[in-house]
Amino acid sequence: MLKRSDGYPASRLVTVLAIVWGLAVGLAAAGSRPAVPNPTQAPAAAPALASSPTPAAQATGFVGDDTCTTCHEPQGKAMHATLHGKAQNTRTPAAKANQSCESCHGPGQAHVDSGDKTKIKRFTALSAKDVNAACLTCHTRSSHADFEGGMHSARNVSCATCHSVHSPKSERAQLKTVTAVETCQTCHKQEAMKVKKSGHMPVREGKMDCTTCHTPHGSNNVRMLKTGNTLNEMCASCHAEKRGPFLHDHAAGRENCASCHDPHGSNNDRMLVAKDPMLCQRCHVSSRHPATIYDGTQIAAASNRAIGRSCVNCHSQIHGSNHPAGEKFLR
Amino acid sequence: MRTKSLTMVVALLLIAGGAAAQNGATPPAQPDVTKPEGSSSTEFPLVNVLDIAVRGTSFGSDSDPARFQRYRDVRDGGTLDRFRLFKDTNTYRYNLQADHIGYRDQRYSGSYTNYGKVKASFEWNQIPLYYSGSTRSLYDQSTPGTLSINDSVQSGIQNKTLALGTALTVAPAFDLRTRRDTATGTVVYSATPTVDVGFTVRNTQKQGAYPWGGSFGISNAIASEMPVPVDHRTTDLGTSIEFSNGRGYARLAYDGSFFRNNVTTLVFDNPGRVSDSPTAGPVQGRMALWPNTEMNTVSASGGLKLPGHSRATAYISVGNMSNNAALLPFTINTALVSPALDRPTADISARVTAMNYLFTSRPVNTVWFSARYRQYEMDNRTVPFKVSNSVNYDTAIVALNQSSEPFSQTRHTFDADATYSPVRHVGFRAGYTREEVDRTYRIVENTTEDIGRVSVDLTGLPFLSVRGVFEHGKRRGTPVDGLELLAIGEQPLLRQFDISDRDQDRFSTIIVVTPVSQFSVNTSISFGRQEYPGTTFGLRNNDNQVYSLGFDYVPGDKVSMGLTYGFEKYTAGPPIPCRRTRSRSSTTRRSSSTTRGGTGRTTARTVSTPSMRRSTC
């Protein structure tokens with residue numbers, strides 16, 4: 001018999017993780033490689049309203065925007081048209097006077113002096129983790145704070161996989177595609193195809209998009225869901241009528257909406273994962289109802305257990321009932 | 001409890017650390033300096049648009065206009081389909097947007113941003129849901145919450161002078177639809193360079209009617225299909241304050257959700273009766289529709305950067321769900337004496353506690369790992385509602401001697417993932433998840449699932465991208481007591497698929513080849529397999545295969561095209577083996593412990609259950 005759970009031995013877990021982490025950091029220190037210049041680290045002293053870097057900045061290898069845009073004018077202009085270019089916002093790269101380019105790309109002096117592309121941080125040549133580390137230096141709030149440790153981070157997805165700093169195409173979020181759905185379906189083909197099915201949420205009609213439910217940066221919820229702590233809480237954020245709790249709860253529904261519904265879409269009514277009554281028969285083969293599949297003969301006989309909404313013709317309060325006689329979800 | 005205490009302490013320390021970081025924060029060495037304002041050079045995608053058109057749609061005789069317009073409104077006529085107005089300067093930006101103006105699926109939104117100071121946005125979004133344009137019903141919907149049938153029709157059906165089918169043919173047809181109107185307002189005020197304060201208000205109103213079923217009996221039951229009235233409103237409030245700097249963040253938030261239903265009771269005429277009867281059924285049925293409920297949550301979260309490219313974050317939330325709606329009498333049938341209610345209101349309350357702790361580290365450039373512990377507990381504190389005598393379909397009083405089953409659950413999830421990237425384009429990942437669920441009032445009270453996974457991701461190359469993942473999971477639960485299933489009239493060999501023992505494998509891969517920058521070919525392959533080894537009745541296995549092949553061609557910024565073919569196959573079953581040997585010899589099973597729902601009730605019973613030997617086909 002399995003032991004009833006009373007929680008993980010968290011103290012042991014934390015201890016083991018701390019040891020592993022300590023060993024890893026030790027190994028890293030022992031075999032440390034030459035440090036890559038941190039492009040997001042600003043120089044010790046910065047110019048004030050200056051159009052060229054101060055001697056201190058020059059000493060740390062910064063050359064200033066004017067120098068960068070001498071060769072990279074289109075990129076400079078494009079960047080200043082985006083949110084990164086709004087200098088009034090003190091959190092943006094543009095607020096670093098004359099060093100907005102080098103806020104992300106790092107000191108450019110070596111690159112300017114040699115003309116060598118490898119002497120400056122090029123995001124197309126960085127690993128996903130390095131790209132993310134650069135972006136997350138400033139993007140530390142809200143859902144960005146959950147990026148590290150999220151599914152996308154684990155799968156080598158970088159910020160630059162979806163977003164474009166210099167040439168965004170979307171109206172918001174600086175995506176590489178016009179819509180968020182287009183960005184997501186680049187990888188999530190299966191979900192994108194489900195949305196095309198007859199039972200679907202209004203995604204293809206443009207009334208919702210993937211980010212209505214998911215936050216691609218990461219979240220405290222499962223499956224990178226945007227709100228709540230469970231899938232059910234996410235669903236109930238729009239379908240609050242089914243949230244309950246009810247006097248008589250349908251425990252399976254209370255535990256997981258996705259046991260019966262496929263939120264991305266299905267070819268069944270109400271996005272059910274299987275047709276009724278077969279869906280209900282996966283869990284209920286009751287003495288009051290035939291323990292066989294409701295076949296054509298049942299439909300021909302217009303059995304109220306097979307036609308229309310099948311089981312929920314009578315068990316219409318299947319999500320839960322607040323009626324004192326609602327234990328079978330009939331009232 | 002020990003676990004909870006420890007983890008809470010860890011979380012609070014982290015949050016405190018995050019908050020403390022603001023005091024000791026070393027601001028960027030370079031002071032923030034505002035540039036002189038200049039004109040913005042925004043051109044794309046901030047383009048002002050006014051899209052005016054005339055639209056016409058033709059439906060064939062066998063087409064379904066309602067399904068075609070399920071979530072949209074494509075009526076004939078002139079349209080102002082898309083309106084975009086932007087203004088963007090170096091200090092502020094606003095935009096006004098409208099879509100499908102004047103139609104049921106219209107949307108309006110606006111936003112204003114004063115860079116670095118305030119962001120405000122508003123949206124009004126209408127989502128129609130069109131079920132049918134040819135619905136006929138005997139029910140008159142003029143009184144909200146009461147669906148009545150003409151007395152002469154009821155008399156005719158009861159006296160068998162009028163057939164139900166005949167009566168329906170003269171019923172008027174109407175549109176069956178609902179509409180969800182959502183208004184959302186959000187303001188984020190940046191009080192200081194490190195502190196944001198946010199407010200969100202969302203109001204969702206849903207009105208209309210959708211298909212519903214009601215019934216009046218078990219044997220020879222009349223199941224009436226009816227348009228159930230929908231008129232409810234949900235108001236969500238959210239506020240938060242967040243501190244963040246380069247070293248960490250701390251966030252406090254409150255979220256409240258208030259659901260209010262204007263039609264909490266549905267009374268519907270019995271098409272087969274014109275008078276109440278203690279044996280033949282009532283003249284009306286009555287059911288409780290969605291009750292008014294509330295949910296309030298307070299949460300705190302924080303994160304801290306640690307040495308060795310590491311980071312720890314913690315999140316704790318405490319919430320309450322409640323429902324105190326007045327309860328209806330057991331029956332509306334005046335010919336029956338309604339049993340007394342155990343209490344006049346639902347008086348339901350559940351405490352929800354959630355925690356989430358995450359540690360990530362990248363101690364060396366090629367290795368990254370994360371560990372996460374998540375706990376969710378829904379502690380339903382409702383006193384069970386005793387039901388000594390109940391009423392079936394308002395037709396008869398039956399002895400029940402049961403109580404409601406306030407469902408509770410606790411989930412513990414541990415995730416660990418490690419990624420190894422020997423070269424910058426390639427990542428190999430291995431991961432493990434263990435989830436334990438404790439629940440009450442279900443036939444399996446505890447399940448433990450172990451999931452292992454490996455993946456490989458080849459990304460960042462201009463001509464090739466490959467992603468593949470394989471997962472294997474195994475879920476096992478506490479033994480099922482067939483007696484419990486027998487007691488509720490279920491097949492004792494049945495196992496409920498969402499909590500039964502399960503073995504599952506999943507593999508998926510996606511490959512994108514881009515020989516030239518304008519053209520790419522993509523393919524995806526997925527296999528999934530689930531087996532329920534302890535299940536004789538119910539879902540025994542569930543397989544899926546999904547393939548897709550497509551291409552994209554983007555000759556320029558203004559034009560793109562693509563085509564994808566997808567194939568999906570889902571197989572559930574198989575049915576009970578076609579050849580089996582039934583052994584009707586009774587097997588005596590002894591159950592020494594049948595505890596349900598943590599009530600502490602322990603009984604010892606001995607029953608005989610038929611056993612079944614199976615052989616495969």
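Predicted model: local features only at pLDDT ≥ 70, side-chain atom pairs only at ≥ 80, totals over all residues.
1. Residues are numbered from 1 along each chain as its sequence is written, and chains are lettered from A and ligands numbered from 1 in the order in which they are written.

2. A word on burial in the two chains. A residue is called buried if 20 or more other C-beta atoms lie within 10 Å of its own, exposed if there are 12 or fewer, and partly exposed in between, with C-beta atoms placed from the backbone. Of the 331 residues in chain A, 49% are buried; of the 617 residues in chain B, 32% are.

3. Contacts along the sequence come next. Two residues are in contact if their C-beta atoms, placed from the backbone, lie within 7 Å. Taking contacts between residues at least 6 apart in sequence, 61% of those in chain B join residues at least 24 apart, and in chain A the figure is 48%.

4. Now for the place where the chains meet. Chain A brings 104 residues to the contact and chain B brings 134. On the chain A side, at least two residues each come from helix H1 (10-30), helix H4 (73-80), helix H7 (128-135), helix H11 (189-194), strand S1 (248-249) and helix H14 (251-255). H1(A) gives the most, with nine residues. For classes, Ala, Val, Leu, Ile, Met, Phe, Trp, Tyr, Cys and Pro count as nonpolar, Asp, Glu, Lys and Arg as charged, and the others, Gly among them, as polar. The side of chain A that touches chain B then has 46 nonpolar, 33 polar and 25 charged residues.

5. H4(A) deserves a look of its own. Its buried residues include A:Gly76, A:Ala78, A:Met79 and A:His80. Among the elements that cover the buried residues of H4(A) are helix H3 (65-71) and helix H5 (100-105) of chain A.

6. Chain A is also divided into domains, with bounds that come from an automatic or database domain assignment. These are domain 1 (55-121), domain 2 (126-224) and domain 3 (242-321). Taken over C-alpha atoms, the centres of domain 2 and domain 3 of chain A are separated by 34 Å. Their contact takes eight residues from domain 2 and 10 residues from domain 3. The domain 2 side of this contact divides into two nonpolar, three polar and three charged residues.

7. Strands pair if DSSP finds at least two bridges between them. An open sheet of four strands in chain B has the order S6-S7-S12-S13, with mixed pairing. Its edge strands, S6 (140-143) and S13 (284-288), each pair on one side only. Strand S7 (residues 146-148) and strand S12 (residues 265-269) of chain B pair in the parallel sense over two bridges, and B:Thr146 has B:Val267 in S12(B) as its bridge partner.

8. Helix H3 (residues 151-158) of chain B has B:Val153, B:Gln154 and B:Ile157 as its buried residues. Seen down the axis of H3(B), with directions taken from the helix axis to the C-beta atoms, these buried residues fall within an arc of 100°, so they line one face of the helix. They pack against helix H4 (164-169) and S12 of chain B. On the other side of H3(B), B:Asp151 and B:Ser152 are exposed. After H3(B) comes B:Lys160, with a positive phi near 60°.

9. Further along chain B, strand S22 (residues 446-458) and strand S23 (residues 464-477) run antiparallel and are joined by 12 bridges. B:Ile451 stands opposite B:Gly473 in S23(B). The two strands form a hairpin with five residues between them, and B:Gly460 in the turn has a positive phi of about 90°. S23(B) also runs antiparallel to strand S24 (residues 502-516) of chain B, again through 12 bridges; there, B:Val469 has B:Ser508 in S24(B) as its bridge partner.
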